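Student: Could you walk me through a few local features of this model? I'd like the cut-offs spelled out as we go.

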Amino acid sequence: MSDLPREIRGVMIPVTGGRVLLPNATVAEVITYTAPEKIEGAPAWLLGRLGWRGWRLPLFSLPMLAGHASEEDSRNARVTVLKALGGTAKLPFIAMLAQGFPRLTTITPELLITTGDESELGPGVQSEVLVRDDHAVIPDLGTIERLIAEVLAA
């Protein structure tokens, strides 16, 4: 018998043009959007930095990074604070722009179906999936963290 869990709690996070699926344990908090402080020389997908619990978090747009959107609407936006997976003391959290509140969902192997051609995925996207009737992307948080760190180091 496998030690892997039969089901995990996930969150479907609305973003411009779609949804992002992440394990619930990855999300630290969802906060109200405030205009971030711009980062000089940063690509458009890295929207800036914002304050959260004493940290200055880099705020990114996954649709812009992946090439699925050219701009973001911040009028009703939220910010999803994510626990960084890279183990870097200088970057323990990152922030992703969301277009609403995440919705909890239970994920089982039977409910998660990979869709699309994996070779056509944009930067920062690990896979496209179908969960029940909801299409979503699973981000590659390791790559996103690395890209953010490279911009911040420059």
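Tutor: We will go through a hairpin, its aromatic rings and then one threonine.

Tutor: This is a predicted model, in which local features need pLDDT of at least 70 and side-chain atom pairs count only at pLDDT 80 or more, while totals for chains, interfaces and linings use all residues. Residues are numbered from 1 along each chain as its sequence is written, and side-chain values use heavy atoms, with hydrogens and water left out.

Student: OK, which strand does S4 pair with, and how many bridges join them?

Tutor: S4 (residues 46-52) is joined by six bridges to S5 (residues 55-60), and the two run antiparallel. Strands here are DSSP runs of E with at least two residues, numbered from the N terminus, and two strands pair if DSSP finds at least two bridges between them.

Student: And what's in the turn?

Tutor: The two strands form a hairpin with two residues between them, and arginine 53 in that turn has a positive phi of about 50°. Tryptophan 52 stands opposite tryptophan 55 in S5.

Student: Is S4 enclosed or exposed?

Tutor: Five of its seven residues are buried, so S4 is largely enclosed by the rest of the structure; buried means under 20% relative accessible area, exposed over 50% and partly exposed in between, with a 1.4 Å probe and protein chains only.

Student: Switching to rings: how many aromatic pairs are there?

Tutor: A search of the whole structure finds two. In one of them, the rings of tryptophan 52 and phenylalanine 93 have centres 4.9 Å apart and planes at 70°, so the pair is edge-to-face. Rings of Phe, Tyr and Trp (its six-membered ring) pair if their centres lie within 6.5 Å, with planes under 30 degrees apart counted as stacked, over 60 as edge-to-face and the rest as tilted.

Student: Which parts does that pair tie together?

Tutor: Tryptophan 52 lies in S4 and phenylalanine 93 in S7 (residues 93-98), so parts 41 residues apart in sequence are tied together. Tryptophan 55 and phenylalanine 93 also form an edge-to-face pair, at 6.3 Å centre to centre and 65° between the planes, and ring pairs link Trp52, Trp55 and Phe93 into a cluster.

Student: How accessible is tryptophan 55?

Tutor: Tryptophan 55 is partly exposed at 36% relative accessible area, whereas tryptophan 52 is buried at 8%.

Student: Last one: what does the side chain of threonine 106 make a polar contact with?

Tutor: Its partner is the side chain of arginine 9, at 2.9 Å; a polar contact is a pair of N or O atoms within 3.5 Å, where within protein one must be able to donate a hydrogen and the other to accept it, and residues adjacent in sequence count only if both atoms are side-chain atoms. Threonine 106 lies in S8 (residues 103-107) and is buried, with a relative accessible area of 19%.

Conventions
Helix = DSSP H or I, 4+ residues; strand = E, 2+ residues; numbered from the N terminus.
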